[in-house]
Amino acid sequence: MSKYVTWYLGVVLFLGQAFPSYADDDCLIIPGKQVGNIKLGESLTSVRDHVGKNNMLVEEIPLDEDKHLKHVTVYPEDEEKQLVLQLDENERVEAIIIDRVTEDEVPCYHNKEGIVIGMTLHDIEKMNGKPFKLTGFDWDFQGTVSSWENGNLENVMRGLAVRLLPGADDKYNEIIGEEIFMSSHPEMQQVNPTVSHIEVYKYKAKKQTQVSN
């Protein structure tokens, strides 16, 4: 575990909540809404006003002859604050993605419960108060939390996707592929993957289906 993660967890445990308010912290993640001053649904012009022209890199990625995808990186030169923005068809922010850029630098971003890049599966289990479900490894959506199993994080993580990845030297045979595994699986416990990807998206509650008698 990195020094930053260790320090942050210590502060959270000591104070209960490390940061007193949303407005005081530009590294705060608000699930389903925003990261720092960048909000879901806002335009690139608005984002540029928040972060400054020199802190936003917009690249055009060709999909075919007629279509291009805009890849937007915020704070491209700052490994601690770097973000990637996913845009909708109207070029408004649809998702905000936080990835670990290097092994040496951990992004500063966190939600008020203390979820940060670099936390281990064991850390997350303790915060949730029970085991949770995640996908197997070695495919496109590996290590994605699929259910908090009605634990402590069930409601507070709505609008926040988390992926945990094993280390390069970790060995495993059973927890692979597009299957769902419990975090309590013996091999998952042994590997103890770390949070390597956090994504903020607009949460849409599932509609309740009424059944008439």
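In what sense, parallel or antiparallel, do β11 and β13 pair, and over how many bridges? In this predicted model, the two strands run antiparallel and are linked by six bridges. One of the residue pairs involved is Val-162 with Ile-198, the latter sitting in β13.

That pairing belongs to a bigger picture. Six strands make up an open sheet, lined up as β4-β5-β6-β7-β13-β11, and the pairing in it is antiparallel. β4 (56-62) and β11 end up at the edges with a single partner strand each, so one side of each goes without a neighbour in the sheet. Ignoring direction, neighbouring strands here are turned by 20° against each other on average. As for the overall inventory, the protein has four helices and 13 strands.

Now for the packing. The largest nonpolar core takes in 45 residues, and the members touching the most others are Leu-85, Ile-96, Tyr-109, Ile-124 and Leu-164. Nonpolar side chains do tend to be buried together in soluble globular proteins.

Zooming out to the whole chain, 43% of the 213 residues count as buried. The accessible surface comes to about 12,600 Å², with carbon and sulfur atoms holding 46% of it.

Terms used:
Residues are numbered from 1 along each chain as its sequence is written. This is a predicted model: local features need pLDDT of at least 70, side-chain atom pairs count only at pLDDT 80 or more; totals for chains, interfaces and linings use all residues. Side-chain values use heavy atoms; hydrogens and water are left out. A nonpolar core is a set of buried Ala, Val, Leu, Ile, Met, Phe, Trp, Tyr and Cys residues joined through side-chain atoms within 4.5 Å. Buried means under 20% relative accessible area, exposed over 50%, partly exposed in between (1.4 Å probe, protein chains only). Two strands pair if DSSP finds at least two bridges between them. Axes are lines fitted to C-alpha atoms, for helices over the stretch in contact, and angles run from 0 to 180 degrees between N-to-C directions. Accessible areas come from the Shrake-Rupley method with a 1.4 Å probe; for residues, only the protein chains shown count as cover.
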